[in-house]
Amino acid sequence: MIGFFYDLFYMLPLGIAMLFSAIAVDPKNVLLTSAADGTTIPSVPGCVVSAVFIILILVIRHSGKKERVLVTGVMTVAAISLFWILGKENRVLLFNKYNWTLTVFVISIIAIVIGRIAEDFLKAKIVISIIILSAVFYMMINKIQCPKGTVSFCFLVILIYAMEIIQRSWVKSGYADVKKHVAYIAPIIMIMAIVVTLIPAPAKKFDWKFAKNIWKVTVTEYKRLVGTITAEREEYAYTGFSENGGIGSSVSDNGREVLLITSDMKSFDRLYMGGMVYEDFDGKKWSTKLDSKPGDRELDYVETKAAISKFNQGYEGDYFKTDNIKVESRLFNTKYVFAPVKTNMYSSKTTLPKYKETESKIIADKKIKYGNSYNVDYMQLNFDNPDLLLLADTATVIDENEWRETVRKSNLASATDLSFDRYLEYQNNVYEKYGGNRELTMEEALENSQLSDEVKQIVRDIIGNDKIGDFEKLKAVSDYLQTMEYTKKTEALPKEIDNATAYLDYFILKSQSGYCVHYATAFTLLARQLGHPARYVQGYYVERKDVDTLVTENKAHAWAEVYFDNFGWMIFEATPGYSVSRGWSVSRTTGDKKGIYQNHAVINDTASNVSMDELPQEEEKNYVYILYFVIPLICAILFGIIYLLISRIIAGKKYRKMNEEDKVRTMIGKNMRILKILGYMLYENETLDEYKRKIERDNELAEHIGFLKFYENLLYSDYEVSASDVEAVESDYLLLKNSLRSRGVKYRFYIV
């Protein structure tokens, strides 16, 4: 047994450590498994399979010849019977589902081989330890996500090696069996490794807050000084954010830090931070008037919230989330306050510097310099919810009671004039400022538009007859523009372009290339010609990668926002390579309007046409699954019984052909095994006389150990065995076997 556990502690931890490392380094099992369905190794089942496989191999290795044949035969017969009963189709399915076990077997075999080498060679232990440490540091440096048990079991292997090296290095007196020391101490270390693996890790990583704060203060003050010196004036003439609204603005690839966006909630993967909104276009330049009243952002915020609540009350979380972001200025001294489109300026979580608000922009009284920050509460829409797009097209008129209730629930009762009358005035102003015609369908608006015939036909082909709803048609227009070429190397617009129609003719029919300002301009103009109010917006395109997202100057961007009646403004992205936030999964959808859920309905109809006879019966499935277990088990038991019977017959024939001395030796061996089962083991440093006296304390067994004198004679003399000696030893065997049974000890299969 000592040898078994010694091998086990050398091979099992190594096998599990290698398995965890393989899962971490190769999460899709590309290297070791060619699974058609991309199956990966599950951590816990993988460890169980590896442990069972290694233990079985060691049981076979440390068993006698007969036991090896029995265990190997039982497993082989069970596997063959299972293979036969499954059938070809189920065998393929089973292989596809559990083919990761092949990888586990390969890793376990390698662990067994390496473990055997490590047992015999000191240098192998050192080399393996160095390899394990290198692998752990490699995963740490490359930030490879791995199961928690990886490090625990990697260090467990190293500790076991170190423990044996120390044991062999000590000069010991008395008991000095190194293998037994390892076998006794290793379980304690292994239990510790398992406990460490099972204990839940803290939800948050240790953040080294003290050291980080010192570093942050140092860097902040340094950059504040640099920012004050190097960014004394505002510069906006670069890609995506041009204060003068010119299409021919210069392009910048400057990676200068502009903003730092911080948010604890991952409600967005992409965020549009608006800085300037434009309404009028003269063919070469956008412009705006500064006569709008403060509060337009809140009107849009409440309108969208009211529309969603009316459409699907109780499931608002499927349509939007409210989040708070912190915006910190970097090497960018500016008066512009950048914020998402649906911002709640009056939220208790919104903390802005002193500012003046118009519909087109928010301007601070003083420049926001490096390190200055503000917080903004905003609404993030879920564009992954098809009902949101359906709602944008079909939103119904919001009445005064619904409006007031939404204002109250949004804690905006104290905000600047959010009355229902102001909301109605705001709706009319949207159409006056940003174009569109709510009285016409999109097709009618296109026919009455100022577009040239060529562009009109292109747009007609884009929106087609298969598009359902205005949102889907506008999305088709933006998708069409995204198929064009993105380039920052553009020529100046021709002098003859002096209106929106001329610009669209040039861009769509001739140029078909440009950067964000060109595409956002084209889409805004097309959306207006299709009957929807649309506005041109400039700011920053933020791609979230972590809690803190650094925004650089080259992330300046331009996009379009389209107004939907009774719903509000929605972002559309027409620039190639850019996209709006994807959103999140929803708890339910309506699935009953506009045919949006046509595919879902077809699936349901198909399922309803299936007869009950064609449906799989659960009871029958369970019965089949039970057979998959029972039949291999029965076959394995039958094999074991047949093997033991045949072994007994062969052993009996072999015994009868032996001479007297061999018979006595054979029976002595059987008797000694019975005594061992009964708890009387002959130790290496114990004489037969001492052993005999130990057994004689048991009155029942004292009469059945006469065979020990023959054992002693055979060991220490040239004693000639007679037939009567054989009968005496056989008699002791029968008596000992009866004692074994009378004490309730199970009859062992290896006693024949």
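How much of the contacts in the protein chain with a separation of 6 or more comes from residues 24 or more positions apart? The share is 78%, where contact means heavy atoms within 4.5 Å.

This is a predicted model, in which local features need pLDDT of at least 70 and side-chain atom pairs count only at pLDDT 80 or more, while totals for chains, interfaces and linings use all residues. Residues are numbered from 1 along each chain as its sequence is written, and side-chain values use heavy atoms, with hydrogens and water left out.

**View 1. The largest nonpolar core.** Here are 108 residues, a set of buried Ala, Val, Leu, Ile, Met, Phe, Trp, Tyr and Cys joined through side-chain atoms within 4.5 Å. Buried means under 20% relative accessible area (1.4 Å probe, protein chains only). Tyr503, Phe523, Phe567 and Met570 have the most contacts inside this core. Helix α17 (residues 516–529) gives the most to it, nine residues; helices are DSSP runs of H or I, at least four residues, numbered from the N terminus.

**View 2. Around Phe567.** Leaving aside neighbours within four places in sequence, Phe567 touches Glu303, Thr304, Ala307, Ile308, Leu381, Leu388, Leu391, Ala392 and Ala395.

**View 3. Helices α4 and α5.** The axes (lines fitted to C-alpha atoms over the stretch in contact, with angles running from 0 to 180 degrees between N-to-C directions) of α4 (residues 100–120) and α5 (residues 122–141) come within 5 Å and cross at roughly 130°. That makes α4 oblique to α5, because angles under 35 degrees count as roughly parallel, over 145 as roughly antiparallel, 65 to 115 as roughly perpendicular and the rest as oblique. On α4, the contact is made by Ile114, Ile117, Ala118, Glu119 and Asp120; on α5, by Leu122, Ala124, Lys125 and Ile128.

How values were computed:
Buried means under 20% relative accessible area, exposed over 50%, partly exposed in between (1.4 Å probe, protein chains only). Helices (H or I, at least four residues) and strands (E, at least two) are DSSP runs, numbered from the N terminus.
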